[in-house]
Amino acid sequence: LQFWKVAIRPGRPFVFGRAGDKFLFGLPGNPVSAFVTYLLLVHPALRRWQGARDLSLPVQPGILGEAIANPGDRRHFLRVRVDGEGRVFSTGQQASHALASLAAADALLDLPPQTTLAAGSTVRVLRCA
């Protein structure tokens, strides 16, 4: 076991380890948590092992169309959508079991702990669709 639990939301119960010469990734049980940890942690590792050099998700600038807050103590990767004018909006309920907000999302907004951003703030979103 290399590590268990990561300080992100959704996705805290992620696990990584080795069994002999094999690497093991353990995704969380909630579907949104599994999707986010796969995008942020597993996919870059798989791409690196395949020889890729750029491992990051595509980044796009945007303007918040509404105020967004993270009162928690972990980084929160909020599901958001970007409209045709580059405005960024939450896709709704951000709970890790809420598939509707994931289905409506085309990007993730990385919001640090204890952060509030006002509508009109410039942000960078990670494209996931």
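Which residues do ring pairs link into a cluster? Ring pairs join Phe 3, Phe 14, Phe 16, Phe 23, Phe 25 and Trp 49 in this way.

The model is predicted, and local features need pLDDT of at least 70, side-chain atom pairs count only at pLDDT 80 or more, and totals for chains, interfaces and linings use all residues. Residues are numbered from 1 along each chain as its sequence is written, and side-chain values use heavy atoms, with hydrogens and water left out.

**The sheet**

Helices (H or I, at least four residues) and strands (E, at least two) are DSSP runs, numbered from the N terminus. Two strands count as paired if DSSP finds at least two bridges between them. An open sheet is formed by three strands in the order 1-3-4, with antiparallel pairing. Strand 1 and strand 4 are at its edges with a single partner strand each, so one side of each has no neighbour in the sheet.

Strand 1 (residues 3–4) is joined by two bridges to strand 3 (residues 15–19); here Phe 3 has Phe 16 as its bridge partner. Strand 3 is in turn joined to strand 4 (residues 22–26) by five bridges, and Val 15 has Gly 26 as its bridge partner in strand 4. The hairpin of strand 3 and strand 4 has two residues between the strands, and Gly 20 takes a positive phi near 65 degrees there.

**The aromatic pairs**

A pair of aromatic rings is described by the distance of the centres and the angle of the planes. Rings of Phe, Tyr and Trp (its six-membered ring) pair if their centres lie within 6.5 Å; planes under 30 degrees apart count as stacked, over 60 as edge-to-face and the rest as tilted. Seven aromatic pairs are found in a search of the whole structure. In one of them, the ring centres of Phe 16 and Phe 25 are 5.1 Å apart and the planes are at 45 degrees, so this pair is tilted. Phe 23 and Trp 49 form a stacked pair, with 4.9 Å centre to centre and 20 degrees between the planes. Phe 23 belongs to strand 4 and Trp 49 to helix 1 (residues 31–49), so this pair ties together parts that are 26 residues apart in sequence.

**Accessibility of the ring residues**

Buried means under 20% relative accessible area, exposed over 50%, and partly exposed in between (1.4 Å probe, protein chains only).

| Residue | Relative accessibility | Class |
|---|---|---|
| Phe 16 | 15% | buried |
| Phe 25 | 28% | partly exposed |
| Phe 23 | 37% | partly exposed |
| Trp 49 | 46% | partly exposed |
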